Amino acid sequence: MIYTVTFNPAIDYVMKLSELTAGSICRSSGEEIYIGGKGINVSIILSRLGKPSTALGFIAGFTGEAIEKGVRSEGVITDFIYLENGSSRINVKIKAGEETELNGQGPDISDSAVNLLMKKLDALSSGDILVLAGSVPSSMPSDIYEKIMARLSGKDIKFAVDASSSLLMNTLKYKPFIIKPNNFELSEIFGVALTELSDIEKYARKLQDLGAQNVLVSMAENGSLLIDEDKNAHFLPCVGGKAVNSVGAGDSMLAGFIAGYKKGYEHAFKLGTACGSATALSPWLAEKSDIDRLFDMI
């Protein structure tokens, strides 16, 4: 079974305006509502690819109930922990020429809630995949990724990690099956400007040398790079046209890779690229028909 963890999921409320004027009443020309969270995004794409998964994490209040309902409507199994206080966050995205984002803080996550999550994770067994994606809320231990991986170490569980900076680097000692930084995160980790593919490959290999089995680097309109566990480098360009959406594209790529790896890394990389590109061309997460169309184009 595949499990995803989203510590701080959200409802994304998108408002479209002709213009945004501070200090005045602005009326939208349309609204859209989406369920947000990196682990949740992975689960939804997996479901659209016909791969079951269980979504774990924390939710609270009426917004938490709406998040769970939305995730279940996508065919994803949920096993969220309901927090007693607060509400899951609402992120307001205002599109008026430029995009302005107002992101909610989310509820505090208590030590007892974290312990309950740990007990749920104890049920994972050999062959399972655990996706740890996104930032850690300030109310949680900053080393929660490490604590989870240390706790499950030795159980033959495959870890997939999508995080930035030290949060990612501190997991490498547990030899995650797949990590997915983007090129900007790779630059930040090593403190160098990476513009050439050869340099991006060089530093992706450094992450592999530090413990990652497979390193998948998304590079937006410049395509994607995979260094597989046999140290082979693979590159694919973006396909399909000009991107209209960056939210969830990396999560979709990771989901496609996980869904396809048993058919070989070339297939997994191709499917991941198709998923990421299809989401970039969509208002939200990619539909299966668009993924199939782009897969055939690669």
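**Ground rules.** The model is predicted, so I took local features only at pLDDT of at least 70 and side-chain atom pairs only at pLDDT 80 or more, while totals for chains, interfaces and linings use all residues. I number residues from 1 along each chain as its sequence is written, and side-chain values use heavy atoms, with hydrogens and water left out. Helices (H or I, at least four residues) and strands (E, at least two) are DSSP runs, numbered from the N terminus.

**α1 against α8.** I started with helix α1 (residues 38-48) and helix α8 (residues 249-260), whose axes come within 8 Å and cross at roughly 50°. That makes α1 oblique to α8. For the labels, angles under 35 degrees count as roughly parallel, over 145 as roughly antiparallel, 65 to 115 as roughly perpendicular and the rest as oblique. The axes are lines fitted to C-alpha atoms, for helices over the stretch in contact, and the angles run from 0 to 180 degrees between N-to-C directions. I have this crossing down as right-handed. A crossing gets that label if the near helix is turned clockwise from the far one by less than a right angle, and left-handed if anticlockwise.

Which residues make the contact? From α1 I list Lys-38, Asn-41, Val-42, Ile-45 and Leu-46, and from α8 Asp-251, Ser-252, Leu-254, Ala-255, Ile-258 and Ala-259. Contact here means heavy atoms within 4.5 Å. Sorted by class, the α1 and α8 contact has seven nonpolar, two polar and two charged residues. The classes are Ala, Val, Leu, Ile, Met, Phe, Trp, Tyr, Cys and Pro as nonpolar, Asp, Glu, Lys and Arg as charged, and the others, Gly among them, as polar.

**Asp-162.** Next I looked up Asp-162 in strand β10 (residues 158-162). Is Asp-162 buried or exposed? Asp-162 is buried, at a relative accessible area of 3%. Buried means under 20% relative accessible area, exposed over 50%, and partly exposed in between (1.4 Å probe, protein chains only). Leaving out residues up to four places away in sequence, Asp-162 touches Lys-38, Leu-132, Ala-133, Gly-134, Tyr-145, Lys-180, Asp-251 and Leu-254. I notice Lys-38, Asp-251 and Leu-254 in that list; they also turn up in the α1 and α8 contact.

**α8 against α9.** I then followed α8 to its pairing with α9, where the axes are 7 Å apart and the angle is about 150°. The two are therefore roughly antiparallel, and the crossing is right-handed. On the α8 side, I find Ala-249, Ser-252, Met-253, Gly-256, Phe-257, Ala-259 and Gly-260. The α9 side has Tyr-265, His-267, Ala-268, Phe-269, Leu-271, Gly-272, Thr-273, Cys-275, Gly-276, Thr-279 and Ala-280. By class I get 10 nonpolar, eight polar and no charged residues for α8 with α9.

**α10.** In helix α10 (residues 288-297) I checked burial and found Ile-291, Leu-294 and Phe-295 buried. Why do they sit on the same side of α10? Because they cover an arc of only 105° around the axis, taken from the directions from the helix axis to the C-beta atoms. Ser-289 and Asp-296, on the other side of α10, are exposed. What covers the buried residues includes α9 (265-280).

**α6 against α7.** The axes of helix α6 (residues 183-190) and helix α7 (residues 197-209) come within 10 Å and cross at roughly 65°. That is why I call α6 and α7 roughly perpendicular to each other. This crossing is left-handed. Asn-183, Leu-186 and Phe-190 of α6 meet Ile-200, Tyr-203, Ala-204, Lys-206 and Leu-207 of α7. The tally for α6 with α7 is six nonpolar, one polar and one charged.

**Positive phi.** Two residues went in here. Ser-165, in helix α5 (residues 165-169), has phi near 55°, a positive value in a residue other than glycine. I have Ser-165 as partly exposed, at 30% relative accessible area. Ala-220 also has a positive phi, about 55°, although it is not a glycine. Ala-220 lies in the loop between β12 (214-218) and β13 (224-227) and counts as partly exposed at 48% relative accessibility.
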